[in-house]
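Student: Please give me a close look at one part of this model. Start with strand pairing, then move to the charged side chains.

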Amino acid sequence: MQRYAAGFLLFLAFLPVTLYAQHAVPPESRYYRVIGLVHMVGTGKLNDPIRPEFAPSAGNASRDGIISWSVQPTDDKSMAIIHLVAVNRKALDGILNDKRAEVRVFEIGKHGKDEIEKELKKYRKDFDLDKFRVVAR
């Protein structure tokens with residue numbers, strides 16, 4: 001009988017630890033993230049494809065740089081809406097420090113969904129932030 005009582009007390013001692021355990025952050029919310037309106041660059045040739053500014057080239061994948069990204073062209077195809085993900089915020093310095101008037105940059109967590117969508121719908125009518133996700137692991 002004493003063993004059952006001791007086991008029950010041990011169970012009660014560890015119960016609060018299991019009840020208040022923290023859940024893992026969802027993959028779509030990890031790391032540093034920005035959404036920006038950027039220019040399309042490149043000539044369209046084999047060694048210089050047309051791509052959005054600040055997007056890493058295929059051979060430059062590194063955990064120190066941008067680890068994941070997604071892009072949608074604007075309605076007129078002259079610019080692109082890009083979602084960049086980086087482990088280190090410093091990897092996003094290029095886009096965050098861009099002062100050109102036509103380039104728009106929003107940091108996920110600092111700017112609200114409504115603010116981002118309102119601005120980017122001027123350039124792509126069907127833009128939906130909920131459908132513009134990048135999962136990085």
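Tutor: Two strands pair if DSSP finds at least two bridges between them. Strands (E, at least two residues) and helices (H or I, at least four) are DSSP runs, numbered from the N terminus. The model is predicted: local features need pLDDT of at least 70, side-chain atom pairs count only at pLDDT 80 or more, and totals for chains, interfaces and linings use all residues. Residues are numbered from 1 along each chain as its sequence is written, and side-chain values use heavy atoms, with hydrogens and water left out.

Take the hairpin. Strands β3 (residues 66–73) and β4 (residues 79–86) run antiparallel, joined by seven bridges. Ser 68 has Val 85 in β4 as its bridge partner. Five residues lie between the two strands, and Lys 77 in this hairpin has a positive phi near 65 degrees.

Now the charges. A salt bridge puts a side-chain nitrogen of Lys or Arg within 4 Å of a carboxyl oxygen of Asp or Glu. By that rule there are ten. One of them joins Glu 107 to Arg 89, with the closest N and O atoms 3.0 Å apart. This pair links distant parts of the chain, 18 residues apart: Glu 107 is in strand β5 (residues 104–107), Arg 89 in the loop between β4 and α2 (93–96). For accessibility, buried means under 20% relative accessible area, exposed over 50%, and partly exposed in between (1.4 Å probe, protein chains only). Glu 107 is buried at 14%, whereas Arg 89 is partly exposed at 32%.

Glu 107 also meets Lys 110 in a salt bridge, 3.6 Å from N to O. Lys 110 is exposed at 59%.

Strand β5 has another link. Arg 104 forms a salt bridge with Glu 119, the closest N and O atoms being 2.7 Å apart. Glu 119 lies in helix α3 and Arg 104 in strand β5, so this pair ties together parts that are 15 residues apart in sequence. Glu 119 is buried at 15%; Arg 104 is partly exposed at 24%.

Glu 119 has a further contact. Its side chain and that of Lys 122 are joined by a polar contact of 3.0 Å. Such a contact is a pair of N or O atoms within 3.5 Å; within protein, one must be able to donate a hydrogen and the other to accept it, and residues adjacent in sequence count only if both atoms are side-chain atoms. Lys 122 sits in the segment after α3 (113–120) and is exposed at 57%.
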